[in-house]
Structures are given as C-alpha cells and as structure tokens.
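Dear colleague,

Here is the structure I said I would pass on. My notes on it follow below.

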Amino acid sequence: MIEYITKSELRNFADKLNVSEQASLRKSAASRSLSGTTFLSHSSKDDDLVVGAIRVLEGHGARVYVDEIDPEMPPYTTEETAGLLKSRIRQTKRFVLLASKNSKDSRWVPWELGVADGYKGLTKIALFPASDSSHEQAWASWEYLGLYRRIVWGDLQGHQKRVWMVLDEKRNTATELSEWLSGE
C-alpha cells in the first residue's frame, strides 16, 4: 500500500531543525551550482512545507534548488524572472512539483511544470503530493497531473522495509527515490 506524505509530516521534518538550520538549508538550496540538481517547484502558500520536502529529497541524494532566495532572481517578478526560471529548469537534472491544493492557485506552478515538461519529458518529472491525509488526492484536481509520476511512501518489491519511491501509477511500476534522483 502506498501513502502520500501529509502536510503535517512535512512540517515535522522541518521542525527537527532549528530556525537557523532551516534558513541555512533554504539558502544552500538557492545558491548552488545547478548541474545535477533537482528543481523544487512549489506554491508560495506552501512555504511552510518546503524545508520538509528538501529534507526528504536531500536525504535520498538530491541537491535541491528553490528559486525563492536565488541571489540572481530580480527583486520583483518580471519577464527576466521567467527567463531565469526557464534557464534554471533546463539546467537541473530533475523537476519535482510539491503538489497541494495551493498549487492550483499559483500563477507560476503550472507554468513551471509546463516548461519542465517541454525540456525534460515525463521521466524526469515527479509530483510530491502534500495532503491533509495520506490518501487524500485533492491536490490532483488538474487532469493533466495524471501524466506524471508521484513520490510516495510504501512497500516496494525487493525491499524489506517501506521506502520512498517514484511511482508510475499507469504502469504500476516504481523506482526507489534515490535511484530515480541519481538516474540519467
């Protein structure tokens, strides 16, 4: 059985770090070299979930990039912002969308996903659903989200313990998260 991570669990992952450690994690996620990194797209309304998502992804070998405090981003949203985001998405190895009900209200999240789809194709994109409960799918209200794989927690054949994995629901196949993140 698979489970989606809950918002509460993501917040708990973040709460294991003190405020200065959280700030340091965010800063490093915005200032690193982009080759081999994972772009983490999220709604600004889900800011409280970002550190927890970074911890899960980096705990499985990712080097996560978030745009919110990238020193090269303009202070105000402009077409330069869009151009820089396109460049960052293209430069990264993987694209992960922290998907929640708030994603639908964002102007940037659907655009970033479309850009990533154009550059990366389906195999290098995964949704990281964050719900109020482990089986809720309110985040999946856009029909096209069904195209993408999902980062979930559960039983994976060949593993004795439950693991984080990237699930392709259509094919009923999964890859361990660390393997997906490190793959070509």
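Please keep in mind that this is a predicted model.

L122, T123, G146, L147, Y148, R149, R150, L167, D168, E169, K170 and R171 line the second largest pocket. Its volume comes to about 180 Å³. Two strands, β7 (149-154) and β8 (163-168), each give at least two residues to this lining. Sorted by class, the lining has 6 charged, 4 nonpolar and 2 polar residues.

The largest pocket holds about 460 Å³ of space. Its lining consists of 24 residues, and those nearest the centre are H42, S44, D67, E68 and W108. Here the classes are 9 nonpolar, 8 polar and 7 charged. At least two lining residues come from each of β3 (38-41), α4 (79-91) and α5 (108-120).

The strand is β6 (residues 125-131), where 7 of 7 residues are buried. I125, L127, P129 and S131 point one way from β6, while A126, F128 and A130 point the other way.

β6 has these pairings:

- β5 (residues 94-99) runs parallel to β6 and is joined to it by 5 bridges; F95 has I125 as its bridge partner. The chain passes from β5 through α5 to β6 in a right-handed β-α-β crossover.
- β2 (residues 5-6) is also parallel to β6, with 2 bridges; T6 is partnered by S131.
- β7 pairs with β6 in the parallel sense over 2 bridges, and R150 in β7 stands opposite L127. R150 is also among the residues lining the second largest pocket.

Regards

Definitions and conventions
Residues are numbered from 1 along each chain as its sequence is written. This is a predicted model: local features need pLDDT of at least 70, side-chain atom pairs count only at pLDDT 80 or more; totals for chains, interfaces and linings use all residues. Side-chain values use heavy atoms; hydrogens and water are left out. On a 1 Å grid over the protein atoms alone, a cavity is a set of points where a 1.4 Å probe fits but cannot get out, and a pocket is an open set with protein on both sides within 12 Å along at least five of seven lines; lining residues have an atom within 4 Å of a point. Grid points are joined across faces, edges and corners, and a volume is the space filled by probe spheres set on the points. Helices (H or I, at least four residues) and strands (E, at least two) are DSSP runs, numbered from the N terminus. Ala, Val, Leu, Ile, Met, Phe, Trp, Tyr, Cys and Pro count as nonpolar, Asp, Glu, Lys and Arg as charged, and the others, Gly among them, as polar. Buried means under 20% relative accessible area, exposed over 50%, partly exposed in between (1.4 Å probe, protein chains only). Two strands pair if DSSP finds at least two bridges between them. A crossover is right-handed if, with the strands pointing away from the viewer, the path from the first strand over the helix to the second runs clockwise.
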